[in-house]
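Have a look at the model first, then read on.

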Amino acid sequence: MAKDLDGKTQGIGASSKRREDARFLMGRGKYTDDINVVGQTHCHFLRSDIAHGRIVTLDVEAARAAPGVVGVFTAADLEGVGGVPCGWQVTDRHGAPMKEPKHPILAEGKVRHVGDPVVAIIAETPEQARDAAELIALDIEELPAVIDMATAAQGPAVHDEAPDNLCFDWLFVAENAEAVDRAIAEAAHVTKLELVNNRVVANPMEPRAAIGEYDLSRDEYTLTTTSQNPHVIRLLMGAFVLSIPEHKLRVVAPDVGGGFGSKIYHYAEEAFVTWASARVGRPVKWTASRSEAFLSDAQGRDHVTTIELALDAENNFTAIRCHTLANLGAYLSTFAPCVPTWLHGTLLAGNYKTPLITTNVKAVFTNTVPVDAYRGAGRPEATYQLERVIDKAARERGVDPAALRRQNFIQPDQFPYQTPVAVQYDTGDYDATLTKALDLADAAGFAARRAESAARGKLRGFGIASYIEACGIAPSSLVGALGARAGLYEAATVRVNPTGSVSVFTGSHSHGQGHETTFAQVVAEMLGLDEGAVDIVHGDTARVPFGMGTYGSRSLAVGGSAIVKSVDKIVAKAKKIAAHLMEASEADIVFDNGQFTVAGTDRAVAWGDVCLAAYVPHKYPIESLEPGLEETSFYDPANFTYPAGAYVAEVEVDPETGVIQVLGFTAADDFGSVVNPMIVEGQVHGGLAQGLGQALMETATYNADGQLQAASYMDYAMPRAGDLPMFTVDHSCVTPCTHNPLGVKGCGEAGAIGSPPALVNAVIDALHGGGYPVAHIDMPLTPQAVWQAIQAVRPAAAAAE
Amino acid sequence: MSTVAMTVNGKTVSGDVEGRTLLVEFLREGLGLTGTHVGCDTSQCGACVVHVDGASVKACSVLALSCEGAEVRTIEGMANPDGSLGVIQAAFREHHGLQCGFCTPGMIMSAADLLAQNSDPTETEVRSWLEGNICRCTGYHNIVKSILAAAAEMRGASIAAE
């Protein structure tokens with residue numbers, strides 16, 4: 001239950017109801033596909049239905065002549081158009097840059113995954129575009145598809161530039177490798193686990209869409225698109241693909257129906273409709289079908305990992321060594337290279353004081369849809385392997401898994417804590433969240449509940465996982481050194497209007513997170529205003545000065561900090577104006593709750609009077625101060641933020657069918673300070689559902705021919721209401737972030753990070769408790785997978801009886 | 001092209017449609033009622049749920065021509081006559097039953113049909129009823145809470161009216 005701090009009804013700490021809800025609840029949202037532009041045409045992409053092959057015949061003449069067709073385009077028509085760029089360069093362990101083959105807008109002679117766009121058809125109606133696509137003669141000479149990462153080096157090259165299909169071979173921390181090897185060789189005990197972090201499809205409910213418009217009279221382009229970061233799209237598409245300067249290109253991301261990472265990236269389709277709008281002289285609109293989304297939205301995870309955890313005789317962790325194969329798919333998506341490397345290797349310390357860690361990541365090209373960041377991105381993969389191997393170690397050593405974690409936790413007095421994997425945690429209390437989670441989940445009563453389940457022939461299990469993540473992405477100089485080709489600050493303009501209301505222009509983008517409400521709470525609190533007097537504007541490069549967008553749980557920690565910085569500047573200027581109005585010294589002005597006073601006197605001017613004076617500067621220090629009250633700030637974070645917590649899953653397994661019921665799920669998170677508890681809890685709920693979806697049912701598997709075998713909601717198991725329990729979530733354990741003004745850490749991804757290992761640990765616990773000594777089951781834990789695992793150990797179980 | 005006429009949110013409307021035109025296309029493109037969404041192409045997601053003659057249906061699975069003479073209600077017709085949020089809509093706002101808002105119209109329309117049939121559903125019944133509506137943002141927790149709260153509110157109102 002969302003509890004308001006101190007009974008506040010607005011401002012920081014209040015569960016303010018969301019202002020954006022009214023339009024969504026009345027059907028008045030404005031998503032990209034809801035927008036129709038006068039004169040618009042409709043685009044359809046003919047995509048490859050073959051995973052790997054050479055284009056032998058491509059004849060589009062009949063399509064060009066079809067009813068309603070305005071234009072038909074292939075790669076041959078795109079001369080001078082660049083490929084889709086990659087925003088992060090990883091350096092190989094041998095010092096070479098990663099292999100970075102071109103990602104063409106339309107296939108150039110070769111197709112590399114099912115769904116690769118080959119031809120774009122533009123027609124008067126979507127139906128006519130689809131009908132015309134049927135008339136295209138496309139013959140593809142099929143090549144063997146590269147699907148399995150383990151054998152990818154022996155397959156044909158997906159790209160000529162990477163003959164062994166290896167994009168990079170990364171070792172981190174290279175200097176520690178020998179010491180890690182030695183520590184593992186000398187350890188009292190080593191627990192080893194091989195596991196798969198299954199590939200999933202992000203599946204925001206709104207499919208991607210884009211509208212390109214070209215204004216010949218001004219030589220200006222506008223792209224309306226389903227993006228989490230319109231300024232980033234403007235930069236990537238304008239500078240690298242279409243050579244359109246920023247001042248001639250506007251990118252608008254209106255209401256966007258969820259993203260979860262998949263709408264961060266620049267996609268070929270949005271570049272094409274922008275380019276084509278000038279060629280056909282009319283606006284061009286494209287909306288993905290769900291089937292297209294499965295074949296073209298960047299997918300998530302897909303790591304195959306071996307992890308070894310070394311313990312000394314007292315069960316202290318002494319070293320961790322990991323080897324991971326990371327699937328990149330057929331092309332490098334915008335941030336793909338940083339996910340298995342810097343967002344993954346740097347989190348392998350987890351919540352623990354393990355002194356020595358190395359990880360080797362081999363990133364592989366395959367004939368599958370590109371893989372990039374999905375809710376959590378790298379951090380769920382790190383957390384999953386750590387929390388699974390720790391649970392296995394606890395079982396092998398015969399110790400309580402909670403006690404083993406507590407013994408190895410970084411202690412509160414050790415902060416700031418320099419991990420052996422580059423990052424420095426500023427603050428935390430991991431024992432507190434674990435204790436909180438165990439209490440809320442009634443760990444003490446579990447034995448009785450297990451007995452009750454056993455009486456019904458069911459196996460009850462209790463699983464825990466701790467997690468830490470690096471959010472608030474990110475200090476620009478640091479990520480620049482690590483290969484980022486962008487700065488990762490955030491920008492905000494705060495405009496105080498003449499009558500005292502406030503318009504905030506933020507580079508963060510809300511696609512479900514409720515920024516319009518939360519950011520207004522922050523500004524209202526700082527200025528002593530009613531929340532209703534603050535408007536939040538986002539999602540339009542023509543209105544917002546600059547921005548890097550929303551991902552990596554960065555909006556409040558980075559975007560919110562930029563807003564705070566601008567408000568601080570506003571208050572500083574307003575104090576000067578107030579001092580002039582009251583003929584007092586600026587140093588004596590106190591601003592509190594919307595009122596400027598002269599300290600120690602009863603002289604006061606109200607907020608509105610100062611704002612009016614700024615715009616009607618009759619009595620104003622005009623020689624020393626410009627009129628107006630508007631400030632822009634760029635905030636570049638000093639460090640990542642480190643949300644952390646502990647999760648508990650309680651499950652019941654039917655040993656006859658392998659069916660898992662999730663009976664309860666508890667999350668105790670330390671997000672630092674919280675602005676809107678209701679929204680924070682909602683973010684956790686959603687993250688939990690995605691993590692549990694990955695753990696229980698979701699998987700994007702390809703057959704040997706490279707066909708995605710779950711490419712619709714008929715086949716891909718999305719979690720439904722009946723699959724999930726009510727969640728218990730808590731954010732009362734607070735260690736505020738030490739380096740941003742609000743003390744916030746970010747809450748968007750935690751649920752998806754901590755929940756898969758907690759769930760799998762609970763199922764393994766259930767099976768062991770029932771006499772089935774199953775060491776591990778790879779996600780998703782479908783009834784079939786669980787049943788097969790039970791069958792595999794049944795003889796042993798029977799023999800033991 | 002054929003002409004189809006129906007009542008949508010109390011107003012008589014008509015338009016020319018192809019035989020293959022779906023009800024959801026007619027509502028969105030023909031009438032500009034873009035509150036009804038399309039989230040999939042296999043009638044799984046439920047973002048397009050509307051009421052046809054009082055029953056919830058997936059508007060992506062119904063031909064516009066088959067709705068000749070029907071009474072259709074969409075999310076745009078769910079507010080109170082004075083424009084304020086209806087009970088179910090208000091409950092979703094109060095209990096944070098939506099985030100990105102894309103599945104929300106379908107959820108509201110589906111919930112309205114449930115509560116018309118069952119004024120006092122259990123949590124399990126609500127979850128079971130929502131089998132045909134996918135949400136990727138909320139984990140369903142607050143959607144279920146919203147619907148249970150709306151049911152209680154509507155029961156309270158009907159008791160008060162008696």
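1. Ground rules. This is a predicted model, so to speak of local features a pLDDT of at least 70 is needed, side-chain atom pairs count only at pLDDT 80 or more, and totals for chains, interfaces and linings use all residues. Residues are numbered from 1 along each chain as its sequence is written, while chains are lettered from A and ligands numbered from 1 in the order in which they are written.

2. The core. The largest nonpolar core has 314 residues. A core here is a set of buried Ala, Val, Leu, Ile, Met, Phe, Trp, Tyr and Cys residues joined through C-beta atoms within 7 Å. Buried means 20 or more other C-beta atoms within 10 Å of the residue's own, exposed means 12 or fewer, and partly exposed is in between, with C-beta atoms placed from the backbone. Ile121(A), Val523(A) and Val763(A) have the most contacts inside this core. Helix α14 (residues 555–581) of chain A gives the most to it, with 12 residues. (Helices are DSSP runs of H or I with at least four residues, strands are runs of E with at least two, and both are numbered from the N terminus.)

3. What does Val763(A) touch, leaving out residues up to four places away in sequence? The list is Gly461(A), Val651(A), Val653(A), Ile660(A), Ile777(A), Leu781(A) and Val786(A). A contact is two C-beta atoms, placed from the backbone, within 7 Å.

4. Strand β14 of chain A. It is mostly covered, with 12 of its 13 residues buried. β14(A) pairs with strand β13 (residues 303–311) of chain A in the antiparallel sense over 9 bridges, and with strand β15 (residues 356–365) of chain A in the parallel sense over 10 bridges. Pairing takes at least two DSSP bridges between the strands. Ala319(A) is worth a click: Ala310(A) has it as bridge partner, and Ala319(A) also stands opposite Leu356(A) in β15(A). The hairpin of β13(A) and β14(A) has 5 residues between the strands, and Asn315(A) takes a positive phi near 70 degrees there.

5. Helix α9 (residues 401–408) of chain A. Pro401(A), Ala402(A), Leu404(A), Arg405(A) and Asn408(A) are buried. They sit on the same side of α9(A), because they cover an arc of only 165 degrees around the axis; the arc is that of the directions from the helix axis to the C-beta atoms. These buried residues pack against β14 (317–329), α8 (379–397), α10 (430–440) and β18 (459–468) of chain A.

6. Another hairpin. Strands β22 (residues 589–592) and β23 (residues 595–598) of chain A pair in the antiparallel sense over 4 bridges. Asp592(A) stands opposite Gln595(A) in β23(A). There are 2 residues between the strands, and Asn593(A) in the turn has a positive phi of about 50 degrees.

7. A loop residue. Pro245(A) is found in the loop between α5 (230–242) and β11 (249–252) of chain A. Why is Pro245(A) classed as it is? Pro245(A) is exposed because its count is 9 other C-beta atoms within 10 Å.

8. Between the chains. 42 residues of chain A are in contact with 42 residues of chain B. On the chain A side, α1 (21–25), α7 (290–296) and α16 (677–696) give two or more residues, and α16(A) has the largest share, 7 residues. That side divides into 19 nonpolar, 14 polar and 9 charged. Ala, Val, Leu, Ile, Met, Phe, Trp, Tyr, Cys and Pro count as nonpolar, Asp, Glu, Lys and Arg as charged, and the others, Gly among them, as polar.

9. Chain B's sheet. 5 strands form an open sheet with mixed pairing, in the order β2-β1-β5-β3-β4. The edge strands are β2 (11–17) and β4 (55–58) of chain B, each pairing on one side only. β3 (residues 49–52) and β5 (residues 71–73) of chain B pair in the antiparallel sense over 2 bridges, and His51(B) has Arg73(B) as its bridge partner.

10. Met109(B). Its place is in helix α3 (residues 104–117) of chain B. Met109(B) counts as buried because it has 29 C-beta neighbours inside 10 Å. Met109(B) touches Val49(B), Val50(B), His51(B), Ser56(B) and Ile75(B), not counting residues up to four places away in sequence. Met109(B) and Ser56(B) are 53 residues apart in sequence but 6.7 Å apart in space, C-alpha to C-alpha.
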